[in-house]
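Subject: Structure handover

Hello,

Here is the structure for your files. My notes on it follow below.

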Amino acid sequence: MTTSSLELTGATSFDLYLCGASLSSAGFPPLGGRTVNTVKGLLKSELDGHVIDESGLSNMKFTNSIFRALIPISKLQIRHIQKIRYHKKDGAPVYAQGKWNFNRRKKNKTRDSENDATETDITNDLRAELKALDSHASTIFSQGTDRLGSDNEFNGSWALRNRSGYAPKLSLPISPIERYWSAEFANSPIPDPYNTQKPDVALFYYKNKSREKRWVDVLSFVEHTSSNLSLSHDLAVYWGSATKAYLIMREQPWHRFVLAYSICADDLRAHYFDRSGLILSLPTPIHKFPIRVTEAIASTALADPQHLGLDPTIHMCIADCQGTHSSLAVGAKGWVVNNSGKTYSIMDVLWKSQGFFCHGTVCYCIRDPDDRKDYAMKDCWVPEAKRYHEVNVLERVKGIPNVVQLVDHWDVMYDGQPDCTARIRERYQWSDPDDRGDHRFCNRFHQRLVMTPCGDPLSDFSSRKELICAFHDFVIAHRLMIECGVLHGDLSPNNFIIHEGIGYFIDFDHAGFIEEGKACTVSFGTGTIPYISMCVLKMMSKNVETVKKTAADTTPQLQPIEHYAHDDLKSMFYIFCEFVLKYGGAHGLVALIWDKLVMPWSEAYENLGVSGLLTTFLSKKGAISEDDFLMDRVSEYFSEFKPLVNEWRSQIHLMEINTEKTIIHDHILQILVTFIAKLEDETPIPTPIPIPIPAQPHPRPQSHIPQPTAGPSTLPRTGTTWPSTNQPGPRRSQRLTRRT
């Protein structure tokens, strides 16, 4: 059977390299962030085949451009812009004699060799233009510097809120949530532990002005360079803009899209990033069309936050906003509303994916206003072909112990329709597909699933016995799922949780239905690379070689891969190994001896494109074939588990050397039950509760000043009021002692 039997739905170039595998993770550093080098590879692979550059479309008119879809036409005229002056009424005009008057100088950026490829190429002369851009970006609104701060920061909306002559000329309602443009990070990077980037001009909430800022605070940005983006995309400004948009999406995954701008060789472009790719608008010569420049700056700074891509059905509070919503649970960090108007309190962000496009998954702890219980809400963008796949899987496995249960689900609505990434691209249906550049486009629908229980990461186990009992329960639940015709197919530490001492399966994005009369699912491979079984890795590696040997204009004939229950059981062993090698105590305490070389195949997290599938396969094969390789690396805390590690490893090794043998659930259960019976009881270690750091005093906002939000400015009214006796506390529930 070849690829004609299966479809590579929505495959990225990275997927194609991996032969269409449905990977839940292309790999990220164990600490949870992507470094500069890993982001470069990620963006190059994800942008390939997912970019629409309007300048490359035949007969593309500006009236049909995404720029015009995002930036409404105003009633501003040239004479209005000519009246605007730098800072003072008697200062130099910002636009005169058909050109923007760039007359300010700015010192050079401090370059970092590690980040050089992602920095904008700004010469000394163009730094004057950058400073002027910052000045007129705010002067267009306020005709003066911010009355409260430095020359680099401005109240970019004051004038249009207060000068009656300008506000009516904009064809959009002015949001009460004040924002401002700033060049404060043009010379020094925005703090980030993994990726240091310097946006030339960035947009922030005014209420965050005096606070330390990170990428979670950046709403939009402008990059400025003398390079000509029309000649090539392989420029620092292109990759730098993509990297900064990635960082915004990483820290603010509640964005529907990210809107940014570049000025390249005096041409203004809008950069629109969403979960299906990038759209570059037609270039606008800034000197010839000053009104468009003004409209872009004004719309971005003054319109409702949803015009910046913020989802109006969810709200995440900033510091000045938190605690001001009286209808939410005490300690809530935000809210989310379903299609029936029911408003849940967001108590915590449990997990967020590290990818740019694809699912963009975020998991929240939400509290129901009716029963006041906590639930887990999964927010994700799913391919159209698998729109309700996870819902259907959860319905199939409903009632199985140690599997999360679906409580509610809905399509996220926008403008009265299910939100998806195809709507903004409908304007390009007339264009030649060969010109569009997004031949790998995959339409993705925005969905939310509410599930119970809301647990903690499996790494938060409170004792060794609790952990091994959880694995015992996983094996039983997995067997019951197989009996229901469901194969999870993507076992990783991220896809297990623990709640009140009990382990649960979660995340069924890549689960497959086993057809009647068969014992496996068929795909091009699914899973998370470090935990995929050797059998599946080997087949994926062969398909990679086929792709490499196939001519560029020929479709490779790939071999579909059969995924059996024993492949999942092997994945479970690799996860178990990671725990007993990595952790030196309960609640995620990492062993002193741990680094990624202790478990060599874990390098696939960071070096997938370098080490490849074959190297990962060989690393596992070597470790499994040696009696003491893994046992010697078990942490001191889990030293008592060494016999279990060796016996489970032996079962896998016997199958690898004798293909007629297979691992079944009963084999693993017998090993686990025997070991647990010999394991002495131990007192679970309570979850450590961090001592809260006292908040810095700051003046409370006046009642007539709207609060900045990461969503709409008004909380949906549900009529629910939380009692004042509901005191905030740690989200994690107290552990219960497990009994064998």
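Buried here means under 20% relative accessible area, exposed means over 50%, and partly exposed lies in between, with a 1.4 Å probe and protein chains only. The model is predicted, so local features need pLDDT of at least 70 and side-chain atom pairs count only at pLDDT 80 or more, while totals for chains, interfaces and linings use all residues. Residues are numbered from 1 along each chain as its sequence is written, and side-chain values use heavy atoms, with hydrogens and water left out.

Cysteines. Cys 420 counts as buried because its relative accessibility is 12%. Cys 442 is also buried, at 7% relative accessible area. The structure has zero disulfides, a disulfide being a pair of cysteine sulfur atoms within 2.5 Å.

Sheet. Helices (H or I, at least four residues) and strands (E, at least two) are DSSP runs, numbered from the N terminus. Seven strands form an open sheet in the order β12-β13-β14-β15-β16-β20-β17, with antiparallel pairing; two strands pair if DSSP finds at least two bridges between them. At the edges are β12 (314–316) and β17 (405–411), each pairing on one side only. β12 pairs with β13 (residues 334–337) over three bridges, in the antiparallel sense. Within that pairing, Ile 314 has Val 336 of β13 as its bridge partner.

Regards
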